[in-house]
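Here's a quick tour of one model, written for someone who likes the cut-offs spelled out. Have the coordinates open as you read.

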Amino acid sequence: MLYLDNSATTPLLPEVRDAMLPYLLEEFGNPSSKYYSKAMNANTAVEQARENVSILLGCKAEELTFTSGSTETNNMILKGTANYYQTKGKHIITSKAEHPSILDTCEFLESKGFHITYLDVDQYGRVSVEMLENALTDDTILVSLMWGNNELGSLNPIKEISALCKEKGILFHTDATQVVGKIDFSLEEYPGISFLSCSAHKFHGPKGTGVSFIRRDEYGVPIPVTPLLHGGGQESGIRSGTLAVHNIVGMGKAAELANDHLVKNISKLNRLEEKLTTLLNEKFGSNIVFNNDTGNKIPGILNVQFKGVNNEILVKKLAPIIAVSTGSACSSSKPSHVLSSIGLTLNEIRNTVRFSLSHLITEEDLMVFKSL
């Protein structure tokens with residue numbers, strides 16, 4: 001079976017698995033303990049992983065806090081910022097095309113008295129900088145906009161958005177889950193990004209771990225937020241709980257590999273996307289419509305309408321041969337709010353399938369589409 005649902009999760013690389021195994025077996029110490037070797041070895045491994053992820057993201061290692069993944073990080077940043085800064089304002093801005101972990105958290109905050117502005121998006125799911133600027137008020141404490149869309153692959157103008165937020169003195173969070181390891185960036189070049197979320201399993205690391213980036217000032221002081229989890233004070237008091245050392249080591253190794261091969265992997269994803277686009281056009285012609293843009297996007301994500309074909313039936317029929325999805329794995333039980341936000345009808349949404357590629361596959365693998 002050809003796996004083409006890499007936006008949902010990616011396969012674990014063998015090198016990542018091998019790096020993790022010692023910390024599941026021999027080196028099982030708690031990194032928060034002290035003095036004996038297993039604890040110190042675990043702590044050293046965690047800090048090396050933190051360094052590896054920081055190199056991939058282009059930030060300082062101490063600006064990273066390990067979490068269980070982007071959903072937790074998104075909750076932590078939105079709820080933590082809302083709680084900490086509520087005396088300054090209760091207005092938060094996001095978009096209608098965000099991940100459910102952002103939208104559902106915003107809905108929760110609305111129930112607590114916060115005012116949320118949900119920006120409209122264009123036909124490819126992007127936010128207008130002008131529309132964002134017009135939505136800012138004296139009460140705005142946070143803007144949260146994804147870097148790259150998980151269904152359409154479209155990239156938001158993060159450079160301009162982050163610059164605007166910095167100019168206005170407003171905190172800016174971006175969910176970068178889909179772009180890490182797939183586009184080349186350094187947080188050093190985006191001083192207006194206050195917070196960032198990402199998950200290891202989107203770039204061939206293990207499920208169940210991710211990081212939050214929380215920017216520090218020139219004195220090394222982090223932007224304060226109220227912690228989501230309280231307890232033992234791990235991760236500098238930002239995220240309590242015993243660290244999952246094996247997963248963290250896996251994320252660190254996946255980050256190291258992603259950074260080492262970033263340019264090559266991006267180039268391959270672009271070639272694979274071009275090949276798949278050609279194959280789909282040759283096979284289905286006017287019976288398909290591409291919902292995604294052709295440029296300024298995450299390489300390897302195609303969002304395609306198969307006219308008159310129910311996507312759930314199509315996905316099930318393809319399942320023995322090709323693994324694809326109807327959209328986000330985190331909202332699979334209902335029609336895509338992302339596609340609705342770009343103006344598609346319910347029928348068009350129900351005819352849509354997402355293909356998401358990986359650098360692990362080959363152009364020869366894609367030839368299976370000729371036999372469909």
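## Helix H9 and its packing

The buried residues of H9 pack against strand E10 (301-306), strand E11 (322-323), helix H11 (346-350) and strand E12 (352-356). Contact here means heavy atoms within 4.5 Å, and buried means under 20% relative accessible area, with exposed over 50% and partly exposed in between (1.4 Å probe, protein chains only). Helices (H or I, at least four residues) and strands (E, at least two) are DSSP runs, numbered from the N terminus. This is a predicted model: local features need pLDDT of at least 70, side-chain atom pairs count only at pLDDT 80 or more, and totals for chains, interfaces and linings use all residues. Residues are numbered from 1 along each chain as its sequence is written, and side-chain values use heavy atoms, leaving out hydrogens and water.

Which residues of H9 (311-318) are the buried ones? They're Asn311, Leu314, Val315 and Leu318. Looking down the axis of H9, these fall within an arc of 100 degrees, so they line one face of the helix; the arc is taken from the directions from the helix axis to the C-beta atoms. Over on the other side of H9, Ile313, Lys316 and Lys317 are exposed. At the N-terminal end, asparagine 310 does the capping, with a side-chain oxygen 3.0 Å from the backbone nitrogen of glutamate 312.

## Leucine 360, after E12

Leucine 360 sits in the segment after E12 and is partly exposed, at 42% relative accessibility. Skipping residues up to four places away in sequence, leucine 360 touches Pro11, Leu13, His204 and Lys268.

## Serine 95 in E3

Serine 95 belongs to strand E3 (residues 91-95) and is buried, at a relative accessible area of 1%. Its side chain reaches the backbone nitrogen of alanine 97 at 3.2 Å, and makes a polar contact with the side chain of glutamate 98 at 2.7 Å. A polar contact is a pair of N or O atoms within 3.5 Å; within protein, one must be able to donate a hydrogen and the other to accept it, and residues adjacent in sequence count only if both atoms are side-chain atoms.

Beyond its neighbours within four places in sequence, serine 95 is in contact with Leu103, Tyr118, Leu119, Val121, Val127, Ser144 and Leu145.
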